[in-house]
Amino acid sequence: MPRIRIDNVKDNPGARKQEKRRGRGQTRGKRSGRGHKGQRQRGIPPRLGYEGGQSPFYLSVPKEPYYAGHHLRRQYLPVSLHMLQYLVDMGRLNPEEPVDLTSLVNARAVTIDIIKKHYGVQLVSEGKDEFQAQLNIEVQWATEDVIAAVERNSGVITLGFYDLQSVEALAHPLIFFQRGLPIMRRSLPPKDLVDFYTNPENRGYLSDPEKVRKARFDLAQKFGYELPDLSKDNRYQMLSMRKDPRQIFYGLQPGWVVNLKDKTVLKPTDEGLLEYYKS
């Protein structure tokens with residue numbers, strides 16, 4: 001067997017196949033395998049969606065008013081009271097701390113994707129009869145019976161709006177802090193949601209606290225339960241915690257920079273920055 005050298009090393013037989021040459025004179029084929037005339041022979045394919053002259057699909061389907069602006073609609077992922085009670089019982093939600101979107105994502109209750117226009121979560125009434133947890137929870141959407149189920153157990157519920165950048169930061173705080181960016185201000189709700197989040201009956205975060213207390217009493221009268229006195233509760237300090245309308249994270253103000261490597265929080269000192277980030 002000859003010695004293997006660089007000049008006698010070659011591929012196995014059949015490993016390389018010589019391509020068939022096309023279009024090299026009259027003896028190498030007339031049309032080079034492309035056929036006779038037309039778009040396919042000339043290398044000019046039709047545009048995407050062209051169906052040979054007949055009415056294309058996207059024009060033959062009628063427009064429906066329901067789909068107008070469908071790609072811009074805000075989506076809220078549902079979280080039931082049954083799931084909330086299950087997360088508390090399993091120890092995946094800590095009732096001793098306020099619950100917001102970050103807590104729900106860490107508990108694997110929802111998966112946020114801002115590309116799909118996920119603006120947060122909505123609390124649904126499934127399991128409201130067996131719900132017994134006392135929580136200070138912040139969600140983006142809830143109905144009247146859900147609010148009553150939370151407040152019947154000496155809980156507090158707040159409905160707050162977050163823009164997509166704030167939702168992304170809340171859902172993935174570790175990734176946001178690793179970028180080294182200052183915490184931005186939370187945007188105010190758009191015009192079509194101002195009335196909703198300023199209404200005390202919806203427990204909006206922009207509503208008057210005095211009107212919210214009256215709305216809590218009226219809702220208890222409507223559903224027939226005794227409204228607990230939160231001022232005498234052992235968790236009153238936790239239950240009374242609320243975010244500023246421009247605040248995203250609990251305990252962290254807009255404009256602060258969280259340094260995970262040094263475990264420090266950098267706060268702005270410039271007067272212009274303080275005035276900008278002030279609510």
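How many positive and negative side chains does the chain have, and how far apart do the centres of the two sets lie? There are 45 positive and 33 negative side chains. The two centres are 20 Å apart. The model is predicted. Its secondary structure comes to 11 helices and 7 strands. The radius of gyration is 31 Å, well over the 19 Å that the globule rule gives for 279 residues, so the chain is more spread out than a compact globule.

**Overall dimensions and surface**

- The C-alpha trace spans about 100 × 60 × 45 Å along its principal axes.
- Buried residues make up 35% of the 279 in the chain.

**Contacts along the sequence**

- Take the contacts between residues at least 6 apart in sequence: 59% of them join residues at least 24 apart.

**Helix α5**

- Helix α5 covers residues 144-152 and is mostly covered itself. Of its 9 residues, 7 are buried.
- The buried set runs from Asp145 through Val146, Ile147, Ala148, Ala149 and Val150 to Glu151.
- Helices contribute to the cover over these buried residues, including α3 (81-89) and α9 (209-223).
- Strands contribute as well: β2 (118-124), β3 (136-139), β4 (141-142) and β5 (156-159) are among the covering elements.
- Serine 154 follows α5, and its phi is positive, near 60°.

Methods. Residues are numbered from 1 along each chain as its sequence is written. This is a predicted model: local features need pLDDT of at least 70, side-chain atom pairs count only at pLDDT 80 or more; totals for chains, interfaces and linings use all residues. Side-chain values use heavy atoms; hydrogens and water are left out. Buried means under 20% relative accessible area, exposed over 50%, partly exposed in between (1.4 Å probe, protein chains only). Helices (H or I, at least four residues) and strands (E, at least two) are DSSP runs, numbered from the N terminus. Contact means heavy atoms within 4.5 Å. The radius of gyration is taken over C-alpha atoms; the globule rule is 2.2 Å times the number of residues to the power 0.38. Lys and Arg count as positive and Asp and Glu as negative; His and the chain ends are not counted. The place of a charge is taken as NZ of Lys, CZ of Arg, CG of Asp or CD of Glu.
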